Amino acid sequence: MEDAEISGGEVNLSFPPSEAVFGSEILVSRNAERTLSDYDWCEEFFELEEAGVEPLTLDDITFNKSYAVQKNCSAEKFSFDPTKGGKFFSVAMAAMSKKKMISPAKRKWSKALNLIKDRGDPWEKFHLDQIKSEKGKRHRYNPLTQAWVVDECVLKMDNEPFANGAMRECFRMKKLSNFSMNDDWSRDSNNFVAKSYMDEAMPRETYFEDVMLQMDAKLWAGEYNRHNPPKKIDIFMMGVVELVERPGSPLYHIEHYIEGDYVKYNSNSGFVEDTSGKCRQTPQALSHFTFERSGHELVVVDIQGVGDLYTDPQIHTASGLEYGDGNLGIQGMALFFQSHHCNKICHRLGLTPFDLSPNEVKQLESTIQRFNNTSETKVKIDDSIVSESPSEKPDFGRLCKGISASLESTSDYFSQASSRQISECDEAVMFNIDDGQSNSRGGTATSIDSGLGKDMHERKPRTRGITECEGDPEHQAKMKQKLDRVARPSSVSALNALKLSGLIPESEESVLGSIHLDLAVYHETCRFNANMQDTNSAHFHLKAAADCGNQLALVAISSLYLGLPNDILPCLDNLDVSELVPDNIEDHGLDYMVSAAHNGDVNSILFLARAFDCGQNLGNDRSQSYGQALDWYQMAIEMGVDKRYLILARMAEIMLMEDSGCKDPNRAGELYSEAAKAATEQMCGKLANKYYMLSEEAWALVEEEAWASVEE
């Protein structure tokens, strides 16, 4: 027989007529001869490379020590019997072993490539290949390094938009692959959707900010995948192309064209897609995950796309300042959680349920529409939710790399059923892969396009997908540790447990409390049901906010329980909620007021000081105490209360009282003197004179007591 020969870039395998090689799914029959040169190198190499399948090289010929030729064995005596254990693995056997080790992701990419080849170009009927090509600059953002990468590209764009929304219009576009060695647009180009704002006055920075938002959201998708959910997700790559040959060098957003069943799973204002009677779990779990994993700093919403490949998300942040008008801040977070019911994926990821009232839980479980929801993205204008705008401003590019998507869509047809799709024309290419070893269905765009722009004849390893981000492993490890430190639960009790254990500072401002406070206001103002004021839910969330340590909630609930007016729930009084509070409602109100006072609320401090001074409004658990009254009065002075001369004078009076238990004429004289100075500063001359006289009288008592003690 002839041994394997390697020469001139060809690998030849030939066997005697009487021999055949059998392997897993491979049969090399008699006189079979296979060479790599039988293929069209230019055509097949790049297709396989883009699918993550690399050609065989010399490194694929693997020798095993146990099959090494003996020292004294001559070449003539050495023979190869394909029916027995060979002396070494041939190239064919190496290919067999390599095939067995192909990962599920690579297998899906390979099948996807075949689907694309069989399906053909869905835009062939639009004859984009007949349009004149033009040069452009493609801008891509790396959220890990927070840097932009710019490369040149060649593209063809339709002159007329095929769809438009309230803000943007969409154009069909083909971009020639940067790996292409020729101008074969039918084979080496990719389908894109180019989106442009119809408002010509739109700042150019907006295009780049939109990309940064989507790429930041993509990092959170990667962090979600790292926790091994049942179905991996991804957010599509988005870039900006600058048409340098056109006047003014206009900018366009570009995304790969998606074909499939496009669905909007939730919006940035509480909408949850459940038209089929069953809500998708993965998109809702993703939003909940980002809230906890970011330490309540943000939540990724507006989840939409084909299967679990998403596009055009929105991010709500605690400050509400980043990512433009679509960022509704704390209010947007409240709207999400009011319509979110934790599912099995939330539990699998270890997420804690957000606290909802019994009424809210009942409504969620019965899938009753609580208010007139809409799937359209909302924006803020003077804290009002009125219309749609896609402009955003980023800040959180700092986490970990993305992971290839795995989709569950079961349809291969193009759909425009989503209202967001109609308004924003979000289209890109999507295919479905039927993998017998997996229950999920995967996909991504038509091909891989790295845009490196290097010498096409140089070998370029290509193993990453179009939806992935490059990242430094060391940087990713640091980000993981940072996220582990900042992660916060969604449950009030779990959050308080962390504070008690010292893992979270007691003084940390509670975003969770602010969310509950907004929900309390929403229920009190009939935001979710115009025909009913849900008093129970309003009280539930106000109490939850107070338990989180929210200062406004502490003041409001203490005032509500004590029968005082409050600004948060002005339509409710203590009679409305008395049945919801166990034991004495006044005692609970004082407990919350003490917390508010310790947090620095001056009105709460003064209320407690006067209550302990006069012995009124103290409930059943507290009684009059001049000592505690003096402590609260002193705290009010230190807080810089207005007209402090009145408080100083009252403290002096208490220290002159025989039955106060705090009699100290000398200290009383000092307090009257301080009150006189404070009154003088406030241009209250008569009071100042009065306090000076009282201070002299107090000091006279000191002298009298001194003489009395001497006489005794």
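A residue counts as buried when its relative accessible area is under 20%. Keep that cut-off at hand for these exercises on a predicted model.

**Exercise 1.** Work out how many residues of helix α13 are buried, and describe the helix from end to end.

*Solution.* 
- Step 1: Locate the helix. α13 covers residues 511-524, 14 residues in total.
- Step 2: Check its span. From first C-alpha to last, α13 reaches 20 Å, close to the 20 Å expected at 1.5 Å a residue.
- Step 3: Apply the cut-off. In α13, 13 of the 14 residues are buried, leaving the helix mostly covered.
- Step 4: Look at the start. There, a side-chain oxygen of Ser510 comes to within 2.9 Å of the backbone nitrogen of Gly513.
- Step 5: Look past the end. Cys526 follows α13 and has a positive phi, near 60°.

**Exercise 2.** Decide whether Glu360 is buried or exposed, then find what its side chain reaches.

*Solution.* 
- Step 1: Glu360 sits in helix α9, residues 358-365.
- Step 2: Compare with the cut-off. Glu360 has a relative accessible area of 0%, so this residue is buried.
- Step 3: Follow the side chain. The Glu360 side chain reaches the backbone nitrogen of Ser357 at 2.8 Å, and makes a polar contact with the side chain of His523 at 2.6 Å.
- Step 4: List the neighbours. Leaving aside residues up to four places away in sequence, Glu360 touches Gln338, His523, Ser537 and His541.

Definitions and conventions
Residues are numbered from 1 along each chain as its sequence is written. This is a predicted model: local features need pLDDT of at least 70, side-chain atom pairs count only at pLDDT 80 or more; totals for chains, interfaces and linings use all residues. Side-chain values use heavy atoms; hydrogens and water are left out. Helices (H or I, at least four residues) and strands (E, at least two) are DSSP runs, numbered from the N terminus. The expected span of a helix is 1.5 Å times one less than its number of residues. Buried means under 20% relative accessible area, exposed over 50%, partly exposed in between (1.4 Å probe, protein chains only). A polar contact is a pair of N or O atoms within 3.5 Å; within protein, one must be able to donate a hydrogen and the other to accept it, and residues adjacent in sequence count only if both atoms are side-chain atoms. Contact means heavy atoms within 4.5 Å.
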